[in-house]
Amino acid sequence: MAREIPYIAAVEEAIFEEMGRDDTVLFYGQDVAPSDDNRFVQAYGRDRVRVSPISETAEIGMAVGLGLAGYRPVVELLMAEFMLVAMNQVVNEAPRLRYMSGGQVKVPVVFKAGYGFTAGWSGQHTGSIYGAFMGFPGLKIALPSTPADAKGLMTTAIRDDNPVCYLINYLLVLEHGDVPEGDYAVPFGEAAIRRSGGDVTIVATGWTVGRALAAAETLAAEGIQAEVIDPRTLNPLDTASILSSVEKTGRLVLVDQGTRHGGASAVIAAEVAEHGFGSLKAPIAQVTALDVTVPYSEPMEAYVLPNEEKIAGSVRQVLGEAPVAA
Amino acid sequence: MEQLDNDRLVWMFTQMLRIREFEERVKRTFEEHPGVIRGHTHLADGAEASIVGSLATLQPGDQLIATYRCHGYPITLGTDTKSIMAEIYGRKDGLCGGYGGSMHLVDPGRGFLGTSGIVGQGIPQATGAAWAAQIRRQNQVVLGFFGDGASKQGAFHESLNLASLWKLPIVYVMENNNYNVATRSEQEDANAAAGEPLSVKAKAYSMPGVTVDGGDPVAVYEAVGAAADRARGGDGPTLVESKVYRLSAHGNIIAPPGVPLHYPEHEAITVFGNREEYEAALRGDPVPRFRARLIEQGVLGPVGADEIATEVRHEMDAAVQFALEDPYPEPEAAARQDYVYA
């Protein structure tokens, strides 16, 4: 049975339920359950639910140690940028220890953090910085775009035996949607086709999935049928689904809230250019954030970000029509 | 903490000899088999008493995390020295299959959860393992090893604060060799500059801090053992500063292959021109010191001590031989996805 709940509640539900199924799952971080009245504390006790000081290196480093010692910690990091404080633990410890040990150890940890809060949070709390994590083999990246995926991908993240950056888009936390009750897992590495269409493939992540779907509606009114694909996880990346869609449509527009250089869309573009070149009828287009720090002032912030008009414009362009006036 | 009987003392002496002989063989490899060891190798000669005294306190189920200067721990824990040497030589049957090398030895079955090659970064990991031990409630402790340089890292301070706050069962063993690569402690540590022991850092985190002669394995055993007892009793962490003198340079940097040691001698000599300091350290070498003490106490005779030394030499001969003959891994093993992802 599904019922409508907000994205943020779906994330919490997945953690709560998984803690009930598996005693080795822990949940801690800054501002996690400072009060004993918290339902996680009530249900699972202080051994497994703790509030930590503002010490990212210790919080994340401890998660690595807990993972090595057989536990499955979920670390609440609030903002993806806070991981940068402890970048060594996130990218140079957690994902490397198994490989360097020749497969002797595993590090099943979840780094739960919000990103993309482009709602006036200025330059240091708005980044869609997951592109930077894509170059670290061993580190999985999940970007839920719907409440159902928020639950299902968190369940999978906790059960995964590897470190996972589970990234909540802060622009989506209050979006409501149908979320299955009970045990619900969405597999990693399986893209969701959010809308079918034969004229152009739009690959979008996180918050931009909704923007791409809105653009697709506008385009449909013009007789253009866009297929919208949400990869859901960037590592593993479901390249096969993207390629098979491009084979059908011959055109690809990549949409991402992150920057253009060193970003997710650049990686996907490279895969399609190498493996799907024969299917392409037009150059691949990228609709990403501009390569600048996200500015504070609203009109400038909006200018930097991808939006429905930019997406629709790019689609018209790859279909050989005149781009809309800026 | 258990009393050290004669058998245990002889065991400790044997482990110290094994570490020393192993490290000597690593060092000799650079001359005898140039190019066989790649990258950066860090030796524990001089720290044997500290390592063995610390690990002698371990009970079943206890765990440890150390640094890139890590050969001595698995040797003491009983990991086959053939596999350790083969790992350092980059061979197929190395402890980590040639994926990690000298800096990243791991033997989880013996409680050795691993190391970090980045200064200070193993400290929070050890702290996390201690939280796991606290949840298990089986009276287990974790030993977190690091150097004096690491105590200038945020990871150290954040971890000690958390461990004390949560009364985690961990002993922080700071092996203070007084040098951060080539920088002396008093050049970069406020406590050292003020003439204080580095163990005073514990006070900031409301935990006991003790300083011990890391050249005396029994003293280290007693200090770490008391701290471990305290941790097992639920009273939280202790910072043990174990003062050692490393008898080799910080590391053996091979770049390009075949070019010998970055610093062929200890930085006291090569950087500070202080041969006297180094020679004083050699006179206090913990290995002959402990040997003399055991003989003096009648725990061991000179013949018995020599027999152990001979046996250890044979063991390390075999380790070198094995590692030299062991094939390299197949190159395509580098792409094993089951090692990238569990």
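The legends below describe close-up views of a predicted model.

**View 1. The two domains of chain A.** Chain A splits into domain 1, residues 2-180, and domain 2, residues 192-318. Taken over C-alpha atoms, the centres of these two domains of chain A are 26 Å apart. Each domain brings residues to the contact: 25 come from domain 1 of chain A and 25 from domain 2 of chain A.

**View 2. The side of domain 1 of chain A that touches domain 2 of chain A.** At least two residues of this side come from each of strand S6 (140-142) and helix H7 (147-159) of chain A. S6(A) gives the most, with three residues. By type, the side holds 12 nonpolar residues, 11 polar and two charged.

**View 3. Helix H1 of chain A.** This helix covers residues 7-21, 15 residues in total. From first C-alpha to last, H1 of chain A reaches 21 Å. That is close to the 21 Å expected at 1.5 Å a residue. Several of its residues are buried, including A:Tyr7, A:Ala10, A:Val11 and A:Ala14.

**View 4. The largest nonpolar core.** This core has 189 residues. Those with the most contacts inside the core include residues of chain A, namely A:Phe111, A:Leu167, A:Ile202, A:Val253 and A:Val315, together with B:Val171. Helix H1 of chain B, residues 6-32, gives the most to the core, with eight residues. From chain A, domain 1 (2-180) and domain 2 (192-318) each supply at least three residues to this core. In soluble globular proteins, nonpolar side chains tend to be buried together.

**View 5. The surroundings of A:Phe111.** Neighbours within four places in sequence are left aside here. A:Phe111 is then in contact with A:Ile60, A:Val75, A:Leu77, A:Met83 and A:Val90, among others. Its contacts also include A:Pro163, A:Val164, A:Cys165 and A:Tyr166. A:Phe111 is one of the residues with the most contacts inside the largest nonpolar core.

**View 6. Where chain B meets chain A.** Here 34 residues of chain B are in contact with 34 residues of chain A. On the chain B side, strands S2 (63-67) and S3 (112-116) each supply at least two residues. So do helices H5 (122-136), H6 (154-165) and H13 (337-340) of chain B. The largest share, nine residues, comes from H5(B). The side of chain B that touches chain A divides into 19 nonpolar, 13 polar and two charged residues.

Note on methods: Residues numbered from 1 in each chain as written. Chains lettered and ligands numbered in written order. Predicted model: local features only at pLDDT ≥ 70, side-chain atom pairs only at ≥ 80, totals over all residues. Helix = DSSP H or I, 4+ residues; strand = E, 2+ residues; numbered from the N terminus. Expected span 1.5 Å × (residues − 1). Buried ≥ 20, exposed ≤ 12 C-beta atoms within 10 Å, placed from the backbone. Core = buried A, V, L, I, M, F, W, Y, C linked by C-beta atoms within 7 Å. Domains from an automatic or database assignment. Contact = placed C-beta atoms within 7 Å. Nonpolar A, V, L, I, M, F, W, Y, C, P; charged D, E, K, R; others polar.
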